[in-house]
Amino acid sequence: MIYKLPKLSYSYDALEPFIDTRTMETHYSKHHQAYVDKLNDALKNYPELQEKTLEELLASLDKIPAEIRTAVRNNGGGHFSHSLFWNVIGPNKGGEPVRQIQEGPKGKLADDIKTAFGSFQNFKDEFIKQAANLFGSGWVWFYADPSTGPGQVKIMSTSGHDNPIMTGGKPLMVLDVWEHAYYLKYQNRRSEYVEAWWNVVNWDF
Ligand code: MN
């Protein structure tokens, strides 16, 4: 076992009523666990790849042997995305990032959002729009794009378990819009789930 399911820092029922207990339990202990297991299985005969970090593997998929490339892309991507997703949400969160002098560089996020999008509301509207427009299963990302300069923050959506690392970006926040993330409580009402999700966003992280 190279990769392990990361510990959740809150209980399955901690995000009620926005994300329900049964979804949390299934999503974390079944879906995420399966990606971890399949990633370990794909890498089991490749000790040289086991030396690399998950980010290194995802940043250069072209260097992965063809026979396991798709498995690493899907299951490695799934493990990375879910590990981040559990951290960017939490109980008693929500609101918006606010710059406080004593926060130092951490508080710069609020400024970068305003510079890039004009206002937090514009940022949120764009994020929600991309979540609504994403066809099928995927993720919506808020990420830094170092290729266009410091403090450049952007939004993108990806299909499957692809992520901004694969194109040189640095993920900051992510929303899971696979149906398994919301179907038990919201069924086909993805927009209700997306709206509710803002109540659990952990800006401190
Ligand atoms: Mn998921």
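Helices (H or I, at least four residues) and strands (E, at least two) are DSSP runs, numbered from the N terminus. The model is predicted, so local features need pLDDT of at least 70 and side-chain atom pairs count only at pLDDT 80 or more, while totals for chains, interfaces and linings use all residues. Residues are numbered from 1 along each chain as its sequence is written, and side-chain values use heavy atoms, with hydrogens and water left out.

Glu179 lies in the loop between E3 and H7. With a relative accessible area of 45%, Glu179 is partly exposed; buried means under 20%, exposed over 50%, and partly exposed in between (1.4 Å probe, protein chains only). Glu179 and Leu54 are 125 residues apart in sequence, and their C-alpha atoms are 25 Å apart in space.

The manganese ion is coordinated by His27 (NE2), His82 (NE2), Asp176 (OD) and His180 (NE2), at 1.9 to 2.1 Å. Donors here are N, O and S atoms within 2.8 Å of the metal (3.2 Å for Na, K and Ca); water is not among the atoms, so sites may look incomplete. Along the sequence, the spacing of the donor residues is H-x54-H-x93-D-x3-H.

The largest nonpolar core has 59 residues, of which Phe123, Phe127, Met173, Trp197 and Trp198 touch the most other members. Such a core is a set of buried Ala, Val, Leu, Ile, Met, Phe, Trp, Tyr and Cys residues joined through side-chain atoms within 4.5 Å. Helix H1 (residues 21–43) gives the most to this core, with 7 residues.

Helix H6 (residues 120–133) packs against helix H8 (residues 190–197) at an angle of about 150°, with the axes 10 Å apart. Axes are lines fitted to C-alpha atoms, for helices over the stretch in contact, and angles run from 0 to 180 degrees between N-to-C directions. H6 is therefore roughly antiparallel to H8, a term for angles over 145 degrees. On the H6 side, the contact (heavy atoms within 4.5 Å) is made by Lys124, Phe127, Ile128, Ala131 and Ala132, and on the H8 side by Arg190, Val194, Glu195 and Trp197.

Ile128, in helix H6, is partly exposed, with a relative accessible area of 24%. Not counting residues up to four places away in sequence, Ile128 touches Val194, Glu195 and Trp198.

Conventions:
Angles under 35 degrees count as roughly parallel, over 145 as roughly antiparallel, 65 to 115 as roughly perpendicular and the rest as oblique.
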